[in-house]
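These are my notebook entries on a single structure. I record what I looked up and what I found.

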Amino acid sequence: MKSRKDTNTALFVASKYPFNRLGGRSIEREIKKISMMAGFQKSVFPHLMRHTYASHNLNSGMNITVLQHLMGHTTPATTQIYAQINEENVRYEYKKIS
């Protein structure tokens with residue numbers, strides 16, 4: 001974004017002038033192309049990346065209220081829908097208090 005000469009503040013923009021903001025479907029296509037070039041066998045899409053981001057950060061010890069803020073959710077319950085907690089972290093937290 002620092003190297004772009006346009007004034008558009010969108011993260012994903014077209015590669016040709018006037019560098020308009022990409023729509024949701026265009027972003028999905030670009031992510032699919034990148035995942036195929038990277039050799040992923042599983043389908044990759046923006047929402048999966050959002051779930052992965054939430055799960056990774058929560059399992060790495062990020063406070064759920066911080067994650068909630070970063071994801072733009074109004075309640076921690078919404079954030080919990082996105083984040084999957086792995087069993088190892090559940091056992092660790094249980095052992096801490098028992």
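Entry 1. Which residues of α2 are buried? I noted at the outset that this is a predicted model. For α2, I found A54, S55, N57 and L58 to be buried. I then looked up what lies over them, and the cover includes α3 and α4.

Entry 2. I checked the length of α2, which comprises residues 46–59. At 1.5 Å a residue, its 14 residues should span 20 Å, and the end C-alpha atoms are 20 Å apart, so the two values agree. Following α2, I noted G61, whose phi is positive, near 105 degrees.

Entry 3. I turned to α3, which runs over residues 64–71, and found L67, Q68 and M71 buried there. Why do I say that these buried residues line one face of the helix? Viewed down the axis of α3, they fall within an arc of 105 degrees, so they line one face. Their cover includes α2 and also α4, residues 76–82. Just after α3, I recorded a positive phi of about 80 degrees at G72.

Entry 4. I asked which residues L67 touches, leaving aside its neighbours within four places in sequence. The contacts of L67 are Y53, A54, N57, L58, M62 and T79. Of these, A54, N57 and L58 are also among the buried residues of α2.

Entry 5. I looked for the largest nonpolar core. This core has six residues in all: A54, L58, L67, M71, Y82 and A83. I noted that α2 and α3 each supply at least two residues of the core. As general background, nonpolar side chains tend to be buried together in soluble globular proteins.

Entry 6. How many aromatic pairs does a search of the whole structure find? The search returned one. The pair is formed by Y17 and F19, with 5.9 Å centre to centre and 90 degrees between the planes, and is edge-to-face. Edge-to-face requires planes over 60 degrees apart, so the angle of this pair meets the cut-off.

Entry 7. I looked up the accessibility of both partners. Y17 has a relative accessible area of 71% and is exposed, because the threshold for that class is over 50%. F19, at 25% relative accessibility, counts as partly exposed.

Entry 8. Finally, I consulted the domain assignment. The protein chain is divided into domain 1, residues 1–40, and domain 2, residues 45–97. I recorded a separation of 27 Å between the C-alpha centres of domain 1 and domain 2.

Note on methods
Residues are numbered from 1 along each chain as its sequence is written. This is a predicted model: local features need pLDDT of at least 70, side-chain atom pairs count only at pLDDT 80 or more; totals for chains, interfaces and linings use all residues. Side-chain values use heavy atoms; hydrogens and water are left out. Buried means under 20% relative accessible area, exposed over 50%, partly exposed in between (1.4 Å probe, protein chains only). Helices (H or I, at least four residues) and strands (E, at least two) are DSSP runs, numbered from the N terminus. The arc is that of the directions from the helix axis to the C-beta atoms. Contact means heavy atoms within 4.5 Å. Rings of Phe, Tyr and Trp (its six-membered ring) pair if their centres lie within 6.5 Å; planes under 30 degrees apart count as stacked, over 60 as edge-to-face and the rest as tilted. Domain bounds come from an automatic or database domain assignment. The expected span of a helix is 1.5 Å times one less than its number of residues. A nonpolar core is a set of buried Ala, Val, Leu, Ile, Met, Phe, Trp, Tyr and Cys residues joined through side-chain atoms within 4.5 Å.
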